[in-house]
Amino acid sequence: MLALRGIEKSYPLAGGLLPVLKGIDLNIAQGEMVAIMGSSGSGKSTLLNVLGLLDGFDSGGYDLDGVDMAGLSEKQAARYRSQFLGFVFQSFNLISFKTALENVALPLFYQKVPRRERQKRAMEMLGKMGMDDRADHLPSELSGGQKQRVAIARALITSPRVILADEPTGALDSTTSSEVMEVLREVNASGITVIIVTHEADIAAQCDRTIRLHDGVIIEDGRSGEVVEPTARGARSQD
Amino acid sequence: MFNRETWIEIAHTVTANPLRTALTGLSVGLGIFILVVMQGLGFGLQNGVEQDFGDEARNTVWVRTGRTTLPYRGRQPNRYVQMRNEDEQRITEQVVDAPAWSGRRMMWGSTVGYKNEQGNYPIVGVEPDFDELELLPLMGGRWLHADDLAKESKVCVVGENLLDELFKEADPIGAYVTLNGITFRVVGHFSKNGRWGNSMVYVPLTTMQRVFNGSDEVDQMVLSTGELDLEGSSAMVEAVDGDLRMRHSVHPDDVRAVRVRDNQEEYAMFERVFTGIRLFIWVIGGFTLLAGAIGVANIMAIVVKERTVEIGVRKALGATSGSILSLIVIEAIALTLISGALGLIAGVATLNAVAPYAEHDYFADPEVNLRVTLTALAVLVVAGAISGFVPALRAVRIRPIEALRYE
């Protein structure tokens, strides 16, 4: 589904270039649930952005569903994002003046789905998230967990092949976190690839596969709980 | 592009900060208000002057004389050039082919008496064509006939003011009045627009020459240019001017002694002046509007900055650059158009409210025509589009990743 070959990326800095990704090789198959772990500055968010076509890369290759993503125009990137990818953010990033229903329906708007159809599908999706009774609420009237459910519903509305979640539980307490992870596991169970960036070991533990990044390279990659020792390195690297 | 979603979003940004929106809108509204009011005043001024021109038919040439200022052919300056009947006869018969003409002679401040009332009015001696040349709408009775001139009849046609001041409601037709002590019969009365004219008492030129000073002097001459265009009337002016200068030995450069004025040319000059004024008003209004548009651009730039994260999220959700661009541009256009329309309405309302109190000799019927209105609206849409476009380009350049990282 996703294949990265020797991805390199640097950010321009005052003193020169800051290399963030130093040659990433990664294959993620359809239906996997992958956690990307690493400390701040390890490049995990950048990797997610590259995967999500939100950011370009300097060299290397990226195939999404067998299509080369190198040198994509802004417009093509927007189309692939719209067709293949769904995003879940740490800060939810719901649009404040739109109701839960309108937020969920927004990606369909960009796919030029008729309004009535958008509303219907958005309502169904909110129903699946157990949020249909909150459809007319503004984000400010929802709790953190509810906001993230709406955000996940928004990510799922276009039936994407891959969900990219950037610290989806970062702003939530532990009870709500496990609820959200439960939802993401259900999403994954329906066959959608889920990629979660996190620095929390117990979140990574709930995924099938964990990739650990350090200084822009993959240092560990394997089944969650086996390759990565959650309590040891994971906990230390946060501090 | 123009769907419900777009409008909901525009409504949101507009109402999110009502004071800011109102102030921005005010600058645009004020710009269009000033433009509209000034255009209206410009038209009012033009209407006033045109109405003043209404005194005289546009296709006339007025011939006047004065004292010489330059010596010529052995003659000293400061000699009064007096036109006489023979000049008028020669000019109309030999020099030019005017379809209508009239000599004119005026006695300012003459005493006019009716029964026990009396007052001072100018008495003007003219010929039968004169009412066509100066457009005197007859309100009752008749105008002077060729017969009156031939017989040197003591008849007169009086202006509206005399009806009010001397006759007091009484029917003036057939009444006898004394003009400087000599009895004349009133045969008609008239009422006209413009500043002058309604105090005039018109008598046959021949009668005036005979009764009041027994001479053959003519003070002014009015000639109709008929259907001639500006070129033709200019040629007529030149012919009359040349003839008088030759006959009365006036230096070709003496601008005071012989003055031949073409109304058509003068009117054309006024037209040019007013075109200039209108252009000037457009420039001022345009710049005022520009200031408003810059205000809108400024606000849109702030809106874009405020919504950086939102725009990034939208892009992550599949929004194309075009949809972001049109969102911002339409918002700017909507803002300028709505506030501009309010300014337009306020401007038209102001003109309508002020119009009844603004009647003056050189000012009448301030108005804004459809063309000005439509042009103003078109200018608004363009101003809105431009003021939205620059910030929108910035919004488009926002990369989703940078937006999401933005705090």
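Student: What do the buried residues of α3(B) pack against?

Tutor: The buried residues of α3(B) pack against β2, β3 (101-114), β10 (217-218), β11 (220-224) and α8 (230-247) of chain B. Helices (H or I, at least four residues) and strands (E, at least two) are DSSP runs, numbered from the N terminus. This is a predicted model, in which local features need pLDDT of at least 70 and side-chain atom pairs count only at pLDDT 80 or more, while totals for chains, interfaces and linings use all residues. Residues are numbered from 1 along each chain as its sequence is written, and chains are lettered from A and ligands numbered from 1 in the order in which they are written.

Student: Which residues of helix α3 of chain B are buried?

Tutor: B:Asp87, B:Glu88 and B:Ile91, in a helix that spans residues 85-95. Buried means that 20 or more other C-beta atoms lie within 10 Å of the residue's own; 12 or fewer is exposed, and in between is partly exposed, with C-beta atoms placed from the backbone.

Student: Why do they line one face of the helix?

Tutor: Seen down the axis of α3(B), the buried residues fall within an arc of 100 degrees, so they line one face. The arc is that of the directions from the helix axis to the C-beta atoms.

Student: And what is exposed on the other side of α3(B)?

Tutor: B:Glu86, B:Gln89, B:Glu93 and B:Gln94.

Student: How does β3(B) pair with β4 of chain B, parallel or antiparallel?

Tutor: Antiparallel, with 9 bridges joining β3(B) to β4 (residues 117-126) of chain B. Strands count as paired if DSSP finds at least two bridges between them. B:Ser110 stands opposite B:Tyr121 in β4(B). The hairpin of β3(B) and β4(B) has 2 residues between the strands, and B:Lys115 takes a positive phi near 50 degrees there.

Student: In what sense do β4(B) and β9 of chain B pair?

Tutor: In the parallel sense, over 4 bridges, with β9 covering residues 201-204. B:Val124 stands opposite B:Tyr202 in β9(B).

Student: Back to phi. Where does B:Arg73 lie?

Tutor: B:Arg73 is in the loop between β1 (60-65) and β2 (83-84) of chain B, and its phi is near 50 degrees, a positive value in a residue other than glycine. Most residues other than glycine have a negative phi. B:Asn78 lies in the loop between β1 and β2 of chain B and has a positive phi of about 65 degrees.

Student: Is B:Arg73 buried or exposed?

Tutor: Exposed, because B:Arg73 has 7 other C-beta atoms within 10 Å. B:Asn78 is exposed with 10.

Student: New topic. Which helix does B:Gly347 lie in?

Tutor: In α11 (residues 321-354) of chain B. B:Gly347 counts as buried because there are 25 C-beta neighbours inside 10 Å.

Student: What does B:Gly347 touch?

Tutor: B:Ile32, B:Phe33, B:Val36 and B:Val37, leaving out residues up to four places away in sequence. Contact here means that two C-beta atoms, placed from the backbone, lie within 7 Å. B:Gly347 and B:Ile32 are 315 residues apart in sequence, yet 7.8 Å apart from C-alpha to C-alpha.

Student: At what angle do α11(B) and helix α12 of chain B cross?

Tutor: Roughly 145 degrees; α12 is residues 370-397, and the axes come within 7 Å. Axes are lines fitted to C-alpha atoms, for helices over the stretch in contact, and angles run from 0 to 180 degrees between N-to-C directions. α11(B) passes α12(B) in a right-handed crossing, that is, the near helix is turned clockwise from the far one by less than a right angle, with anticlockwise being left-handed. The residues of this contact divide into 19 nonpolar, 7 polar and 1 charged. Ala, Val, Leu, Ile, Met, Phe, Trp, Tyr, Cys and Pro count as nonpolar, Asp, Glu, Lys and Arg as charged, and the others, Gly among them, as polar.

Student: How many residues does the contact take from chain B and chain A?

Tutor: 17 from chain B and 19 from chain A. On the side of chain B, α1 (4-16), α10 (308-316), α11 and α13 (400-405) each supply at least two residues. The largest share, 5 residues, comes from α10(B). That side divides into 8 nonpolar, 5 polar and 4 charged residues.
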